[in-house]
Amino acid sequence: MKITKICCIGAGYVGGPTMAVIAQKCPHIQVTVVDLNEERIAAWNDENVENIPIYEPGLDKIVAEARGRNLFFSTNVDQAIDEAQIIFISVNTPTKTYGKGKGMAADLKYIELCARQIARVSKSDKIVVEKSTLPVRTAEAIKSILDNTGNGVQFQILSNPEFLAEGTAVTDLLNPDRILIGGDSSEEGQKAIQALVDVYSNWVAKDKILTTNVWSSELSKLTANAFLAQRISSINAMSELCEKTGADVNEVAKAIGMDSRIGSKFLKSSVGFGGSCFQKDILNLVYIAKSYGLNEVADYWEQVIIMNDYQKRRFSNTIVKTLYNTVADKKIAFLGWAFKKDTNDTRESAAIYVADDLINEQANIAVYDPKVSGKKVLADLDYLETRSSEKNKKGIVSFEDPYLACKDAHAIAVLTEWDEFKGYDWKRIYESMQKPAFIFDGRNILNRSEMESIGFIYQGIGS
Ligand code: UDX
Ligand code: UDX
């Protein structure tokens with residue numbers, strides 16, 4: 001089958017960049033990204049390409065090149081489904097906040113709605129691709145909905161999980177370690193797999209495109225995220241021991257990371273991992289294990305999350321303890337709010353939880369993040385529902401200028417590893433602060449001896 005039209009439901013952090021790159025690399029394929037959120041689609045269509053809703057280095061250029069040529073953003077979901085041969089589902093699958101599996105299972109209501117809509121609209125055979133990270137065997141549910149509510153057309157379901165990391169989405173998409181495509185072993189299934197392989201082959205080497213059965217593909221995504229997050233929780237577990245024993249976690253990470261069997265990546269100790277995937281996917285894995293009665297397996301993976309929650313709490317406790325056991329009415333400047341550098345995404349960012357703890361201690365938080373708005377910062381705190389929105393507004397203020405955020409503060413907490421923080425005039429910042437002036441470097445990005453020579457009292461993670 002020659003693919004000429006693709007549609008993607010969900011114009012988020014995954015759907016948007018992925019489709020932009022497919023459109024750029026496959027000028028012969030028309031790619032339409034649809035979303036229910038009108039504001040988001042309007043932003044994707046903004047004449048000024050700097051205003052697209054998702055910040056990723058290099059994404060604006062790709063959108064500028066392909067948009068209007070073969071890349072389109074629209075709210076007309078029915079029309080896009082009707083015209084497409086391949087439909088990617090890239091809607092969000094948050095952790096359930098209600099009912100059975102609350103706080104753990106993935107909420108699949110948006111996936112089911114998409115499946116029903118595809119079934120209702122489709123008048124010709126379609127390949128439906130799961131792009132969202134889903135519990136293993138979701139494809140079966142999608143297939144059942146499509147086959148039972150459709151108009152008698154044929155559907156093939158593929159699983160094609162996305163491994164891109166935010167902040168490096170464009171390079172990850174242009175240069176993936178691997179592309180994973182899971183499909184049915186039947187002849188039609190294999191044809192569908194081949195159609196998608198042909199799309200990716202426009203820029204990805206054949207030996208990097210891995211094909212498997214649907215279940216292996218679905219489970220591989222959860223497994224990959226669980227393994228990556230486990231490394232961070234493991235090194236973070238060592239960070240506290242380092243502080244107690246005089247070892248330096250950066251040195252320990254370097255020493256063990258040089259063992260090629262362990263490797264150097266994902267060993268950076270931090271205030272804790274955030275992002276839309278790690279916590280959600282591990283909780284989901286825990287829930288799946290439990291539902292098969294595999295309690296030890298569930299407990300094992302849940303510990304990765306428990307360690308991560310502990311690391312965030314430990315960071316805020318250290319701040320309070322060090323500031324003479326009280327932060328009431330003290331200004332504490334946060335450098336960074338995003339869950340990591342080079343993204344404007346704040347989902348599950350450690351900063352939110354650390355701020356929440358410190359506001360409970362009646363601190364005044366001043367936030368500066370190069371890409372996150374004050375409105376978003378407040379919305380993130382409100383979402384926790386710890387206290388009223390009015391009280392949050394009193395406890396936290398955002399600044400457009402980092403120097404103003406730090407002025408008169410008792411302490412600075414580094415929550416995100418933005419490169420620009422390293423280049424600040426730290427002497428000037430020191431002079432504008434209350435004394436003694438503290439830095440709590442939750443990302444270990446600043447140079448301790450430089451900070452100490454200026455006069456700061458510096459506390460890194462695990463060192
Ligand atoms: C999402 C999932 O969270 C993740 O598990 C998966 O791997 C990829 O898709 P992300 O792209 O980061 O990740 O989510 P988000 O930025 O929230 O985008 C989802 C979009 O889908 C939103 O813009 C939302 O408006 C849209 N959506 C959601 C629909 O268009 N229709 C729906 O029914 C539900
Ligand atoms: C992750 C996976 O890397 C990606 O393959 C998957 O598709 C989606 O989930 P992402 O959440 O975008 O991607 O970011 P990632 O770079 O993995 O970072 C996750 C969190 O871990 C961030 O808060 C980051 O700061 C933190 N982290 C990462 C550490 O604390 N230490 C490290 O060594 C690495």
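A residue is called buried when its relative accessible area is under 20%, exposed when that area is over 50%, and partly exposed in between (1.4 Å probe, protein chains only). By this scale aspartate 408 is partly exposed, with a relative accessible area of 37%. The structure is a predicted model, in which local features need pLDDT of at least 70 and side-chain atom pairs count only at pLDDT 80 or more, while totals for chains, interfaces and linings use all residues. Residues are numbered from 1 along each chain as its sequence is written, chains are lettered from A and ligands numbered from 1 in the order in which they are written, and side-chain values use heavy atoms, with hydrogens and water left out.

Helices (H or I, at least four residues) and strands (E, at least two) are DSSP runs, numbered from the N terminus. Asparagine 444, also not a glycine, has a positive phi of about 50 degrees. Its place is in the loop between S13 and helix H18 (448-454), and with a relative accessible area of 17% asparagine 444 counts as buried. A further backbone feature is the cis peptide bond that joins lysine 435 and proline 436, with omega about -10 degrees. Proline 436 sits in the loop between helix H17 (426-432) and strand S13 (438-441).

Turning to the ligands, 19 residues surround ligand 1, and the closest are Val14, Asp35, Arg40, Lys280 and Arg347. A residue is taken as near a molecule or strand if one of its heavy atoms lies within 4 Å of it. By class, this shell around ligand 1 has 6 nonpolar, 8 polar and 5 charged residues. Here Ala, Val, Leu, Ile, Met, Phe, Trp, Tyr, Cys and Pro count as nonpolar, Asp, Glu, Lys and Arg as charged, and the others, Gly among them, as polar.

Polar contacts are pairs of N or O atoms within 3.5 Å; within protein, one must be able to donate a hydrogen and the other to accept it, and residues adjacent in sequence count only if both atoms are side-chain atoms. For ligand 1, side chains supply such contacts: an oxygen atom of the ligand is 2.6 Å from an N or O atom in the side chain of arginine 40, with a distance of 2.7 Å for the side chain of lysine 280 and 3.2 Å for that of threonine 93. Taken alone, ligand 1 exposes 690 Å², and the protein buries 92% of that. Accessible areas come from the Shrake-Rupley method with a 1.4 Å probe; for residues, only the protein chains shown count as cover.

Ligand 2 is surrounded by 20 residues, and the closest are Phe163, Glu166, Ser270, Lys340 and Arg443. Its shell has 11 nonpolar, 3 polar and 6 charged residues. Backbone atoms make contacts here: an oxygen atom of ligand 2 is 2.7 Å from a polar backbone atom of phenylalanine 163, and a backbone N or O atom of leucine 164 lies 3.0 Å from an oxygen atom of the ligand. A nitrogen atom of ligand 2 lies 2.8 Å from a backbone N or O atom of lysine 268. Of the 670 Å² of accessible area that ligand 2 has on its own, the protein covers 90%.

Helix H9 (residues 214-245) contributes the largest share of the shell around ligand 2, 4 residues. Leucine 228 lies in helix H9 and is partly exposed, with a relative accessible area of 30%.

Strand S6 (residues 155-159) is mostly covered, with 5 of its 5 residues buried. In a regular strand the side chains alternate between the two faces of the sheet. Phe155, Ile157 and Ser159 point one way from S6, whereas Gln156 and Leu158 point the other way. Strand S5 (residues 126-130) runs parallel to S6 and is joined to it by 5 bridges, where pairing requires that DSSP find at least two bridges between two strands. Serine 159 in S6 is the bridge partner of glutamate 130. From S5 the chain crosses through helix H6 (residues 138-149) to S6, in a right-handed β-α-β crossover. Right-handed here means that, with the strands pointing away from the viewer, the path from the first strand over the helix to the second runs clockwise.
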